[in-house]
Amino acid sequence: MKYSKLIALLFLLSYQVQFAQFTDEINSNRPGKSMMAFAVGKKIIQVESGLTYVSENHNNLNYTAKGFIGELGLRYGVWKEELEAILEVQYQRDNFKSSYLNEGRSGIKQLTLGAKYLVYDPFKNYEEKPNLYSWKANHSFKWRQLYPAVAVYAGANFSLGDNPFNYAPSNIEESPFSPKVSVIAQNHFGSRWVLVTNITYDKITSDFKSLNYVLTLTRGFNAEWSGFIENQGYSGDYYSDGIMRVGAAYLIGKDMQVDASLGKNFKNTPELLTVGVGFSWRFSATYEEVKLEKDNGSKMDKKMKKKGEKESKKRKDGVDLE
């Protein structure tokens with residue numbers, strides 16, 4: 001009887017259908033600046049908003065700028081489970097002071113429209129079967145955790161009028177349109193740790209082109225709280241920098257999250273300090289559930305499955321297997 005129960009358990013754990021990327025709880029890119037590899041899910045609408053206080057102080061040019069940045073991200077799952085469209089908008093308003101100027105500045109700092117596609121998921125069509133004879137094997141480090149999920153992103157930056165927030169000389173005008181591409185990797189280490197890596201070539205074909213990276217390490221503390229630490233780097237002709245951020249997020253419900261973060265760069269030309277809060281919300285009523293059929297398994301798997309089904313049928317017919 002014990003042996004037949006083990007066979008039945010094995011059959012249940014290796015069930016041949018798994019669900020795709022949609023999760024029971026919201027999965028937001030906030031409060032970090034990196035973009036996760038996974039999409040929100042087909043026909044899911046997700047809003048990620050934030051308000052950030054920014055303080056800028058340039059030692060060499062002897063100026064300060066203090067104000068706020070409003071951030072809005074819209075994500076929508078289209079066509080396939082692995083694909084989403086993304087709109088990102090940043091509006092900044094601050095007060096700029098120098099030895100010869102004191103003025104208020106405002107404008108759209110960033111307007112980007114693009115799409116992201118999940119190219120590789122290491123756990124798609126994969127079901128880890130338990131080792132019935134070894135507790136150590138079931139709880140040991142899994143090398144598959146080192147395989148990242150990989151996504152690609154392509155988009156375009158749009159400049160609406162003069163942007164007073166770039167670091168180029170006044171005679172250099174920003175292009176009204178410039179491409180942006182990214183490669184995204186996401187690793188899951190156990191059930192609590194997530195590492196996201198973004199490599200981005202931004203504002204291609206313009207004078208403001210730059211090669212950037214973001215590394216974000218997130219840890220879940222319990223069902224509601226998570227924290228992160230992040231390093232972001234820029235390398236361009238007019239601006240290069242490195243920024244560290246830390247922060248936390250709290251899950252209000254399965255479709256809502258609030259967050260807070262603190263950021264500081266590594267230099268004083270200019271010196272930057274940011275303090276932000278944010279809110280993410282997901283509308284999931286229109287989600288279309290997508291099932292991924294898995295591989296039928298080896299001959300041994302089929303044999304064990306068939307044997308389990310046969311013995312289960314005998315039990316229903318009242319036959320004692322012992």
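Strand β9 is the element that gives the most to the nonpolar patch, contributing three residues. The model described here is predicted. At least two patch residues come from each of β5 (102-120), β7 (177-189), β8 (193-202) and β9 (210-220).

The largest nonpolar core has twelve residues: Met35, Met36, Ala37, Phe38, Ile86, Leu118, Ala149, Ala151, Tyr153, Ile184, Val194 and Val196. Two or more of these residues are given by β6 (149-158) and likewise by β8. The largest share is that of β6, with three residues. In soluble globular proteins, nonpolar side chains tend to be buried together. Beyond its neighbours within four places in sequence, Ile86 is in contact with Met35, Leu74, Arg75, Thr112, Leu113, Gly114, Lys116 and Tyr153.

Glu84 is located in strand β4, which covers residues 83-98. Because its relative accessible area is 0%, Glu84 counts as buried. The side chain of Glu84 makes a polar contact of 3.1 Å with the side chain of Arg75. Apart from residues up to four places away in sequence, Glu84 touches Phe38, Ala39, Val40, Arg75, Tyr76, Gly77, Val78, Gly114, Ala115 and Lys116.

Gly50 is part of strand β2, residues 45-58. With a relative accessibility of 14%, Gly50 is therefore buried. Gly50 and Asp259 are separated by 209 residues in sequence, whereas their C-alpha atoms are 8.7 Å apart in space. When neighbours within four places in sequence are set aside, the contacts of Gly50 are Arg30, Ile69, Gly70, Glu71, Val277 and Gly278.

| Residue | Relative accessible area | Class |
|---|---|---|
| Glu84 | 0% | Buried |
| Gly50 | 14% | Buried |

Terms used. Residues are numbered from 1 along each chain as its sequence is written. This is a predicted model: local features need pLDDT of at least 70, side-chain atom pairs count only at pLDDT 80 or more; totals for chains, interfaces and linings use all residues. Side-chain values use heavy atoms; hydrogens and water are left out. Helices (H or I, at least four residues) and strands (E, at least two) are DSSP runs, numbered from the N terminus. A nonpolar core is a set of buried Ala, Val, Leu, Ile, Met, Phe, Trp, Tyr and Cys residues joined through side-chain atoms within 4.5 Å. Buried means under 20% relative accessible area, exposed over 50%, partly exposed in between (1.4 Å probe, protein chains only). Contact means heavy atoms within 4.5 Å. A polar contact is a pair of N or O atoms within 3.5 Å; within protein, one must be able to donate a hydrogen and the other to accept it, and residues adjacent in sequence count only if both atoms are side-chain atoms.
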